[in-house]
Amino acid sequence: MLNSICEVQMNIALSLRTLKTSLLRPYAVVLAAIAGMLLVASPALAHHPFGGETPDSFLTAFLSGLGHPVIGLDHLAFVIAAGLLAAAMGRSLSIPAAFVVASLAGTGLHLLALDLPIPELIISASVLVFGGLLALKNRPGVPVAIGLAAIAGVFHGYAYGEAIVGAEMGPLVGYLLGFSLVQMAIAAAAYWLGRRVTAHASEASGLALRFAGFAICGVGGAFLSSL
């Protein structure tokens with residue numbers, strides 16, 4: 001009996017060691033940390049780096065553009081989700097690129113004083129949807145993901161436009177350049193991290209991305225519940 005108990009304990013210890021080795025690869029740990037940070041962060045973060053004041057120079061507008069997608073947790077979560085989803089689907093940066101291009105169009109709509117319906121609701125829902133796509137084991141086709149990213153980009157860009165309404169051409173260009181660059185940089189970093197994780201063709205690698213997807217779903221759900 002004692003030998004049997006010892007054998008069971010050894011098997012459990014070996015299984016735990018194997019699980020730890022497969023799950024806690026360095027990239028997967030970083031991914032889990034990012035997902036956890038997004039999940040516990042408060043949705044009440046500010047969206048305007050300069051307190052809502054319209055930037056009056058190229059530099060301040062550029063810095064505002066860099067900051068807006070970062071301090072806005074809903075925007076940040078979506079960009080990370082887009083980069084990770086592109087990695088999971090093996091489609092380089094086409095998905096986040098569609099989002100960024102569409103966000104420029106959305107900002108243009110705001111500057112033209114064209115109203116979009118319930119933008120905050122759709123932005124929050126987009127985070128939830130993309131988190132869900134990342135969490136799915138069987139995902140829809142790439143054209144569907146690109147189309148959804150473009151639709152989301154229009155609404156996220158519309159929200160970005162609020163910070164630059166009334167600005168002159170110089171600050172406007174700086175702002176557009178800033179938020180486009182920072183979004184592509186964040187998406188590229190998420191894509192790189194996702195590719196490192198998926199390079200290990202194992203169930204643990206897939207679970208790491210799906211866990212991140214569930215965490216991003218939680219962020220979207222938190223924003224929806226706060227509206």
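Helix H5 is followed by Ala113, whose phi is positive, near 60°. Helices, as used here, are DSSP runs of H or I with at least four residues, strands are runs of E with at least two, and both are numbered from the N terminus. The structure is a predicted model, in which local features need pLDDT of at least 70 and side-chain atom pairs count only at pLDDT 80 or more, while totals for chains, interfaces and linings use all residues. Residues are numbered from 1 along each chain as its sequence is written, and side-chain values use heavy atoms, with hydrogens and water left out.

The pLDDT, the predictor's confidence in each residue on a scale from 0 to 100, has a mean of 78 over the protein chain, and 74% of the residues reach 70 or more. Over residues 1-24 the pLDDT is below 50, and this stretch has 5 contacts in the model beyond near neighbours in sequence. Contact means heavy atoms within 4.5 Å. The secondary structure of the protein chain consists of 9 helices and 0 strands. Of the 227 residues in the chain, 41% count as buried, where buried means under 20% relative accessible area, exposed over 50% and partly exposed in between, computed with a 1.4 Å probe on protein chains only. Among contacts in the chain with a separation of 6 or more, 84% are between residues 24 or more positions apart.

Helix H5 (residues 94-111) has 18 residues and reaches 26 Å from its first C-alpha to its last, close to the 26 Å expected at 1.5 Å a residue. The expected span of a helix is 1.5 Å times one less than its number of residues. The buried residues of H5 are Ile95, Pro96, Ala98, Phe99, Val100, Ala102, Ser103, Gly106, Thr107 and His110. The cover over these buried residues includes H4, H6, H7 and H8.

Helix H4 (residues 73-89) has 17 residues, which should span 24 Å at 1.5 Å a residue; the end C-alpha atoms of H4 are 24 Å apart, in agreement. H4 is mostly covered, with 16 of its 17 residues buried. Gly90, which follows H4, has a positive phi, near 65°. The axes of H4 and H5 come within 7 Å and cross at roughly 145°; axes are lines fitted to C-alpha atoms, for helices over the stretch in contact, and angles run from 0 to 180 degrees between N-to-C directions. On the H4 side the contact is made by Phe78, Val79, Ala82, Leu85, Ala86 and Met89, and on the H5 side by Ile95, Pro96 and Phe99. By class, the contact of H4 with H5 has 9 nonpolar, no polar and no charged residues. In this classification Ala, Val, Leu, Ile, Met, Phe, Trp, Tyr, Cys and Pro count as nonpolar, Asp, Glu, Lys and Arg as charged, and the others, Gly among them, as polar.

The structure holds 5 aromatic pairs. Rings of Phe, Tyr and Trp (its six-membered ring) pair if their centres lie within 6.5 Å; planes under 30 degrees apart count as stacked, over 60 as edge-to-face and the rest as tilted. The ring centres of Phe78 and Phe130 are 4.5 Å apart and the planes stand at 45°, so this pair is tilted. Because Phe78 lies in H4 and Phe130 in helix H6 (residues 119-135), the pair ties together parts that are 52 residues apart in sequence. Phe78 and Phe130 are buried. Ring pairs link Phe78, Phe99 and Phe130 into a cluster.

Tyr160 and Phe179 form another tilted aromatic pair, with 4.8 Å from centre to centre and 45° between the planes. This pair links distant parts of the chain, with Tyr160 in helix H7 (residues 142-160) and Phe179 in helix H8 (residues 169-198), 19 residues apart. Both Tyr160 and Phe179 are buried. H7 has 19 residues and reaches 26 Å from its first C-alpha to its last, close to the 27 Å expected at 1.5 Å a residue. The buried residues of H7, including Ala149, Phe155, His156 and Tyr160, pack against helix H3 (58-71), H4, H5, H6 and H8.

Leu104, in H5, is partly exposed, with a relative accessible area of 34%. Leaving aside neighbours within four places in sequence, Leu104 is in contact with Leu176, Phe179 and Ser180. The C-alpha atoms of Leu104 and Tyr160, 56 residues apart along the chain, are separated by 9.0 Å. Ser180, in H8, is buried, with a relative accessible area of 13%. Not counting residues up to four places away in sequence, Ser180 touches Val100 and Leu104.
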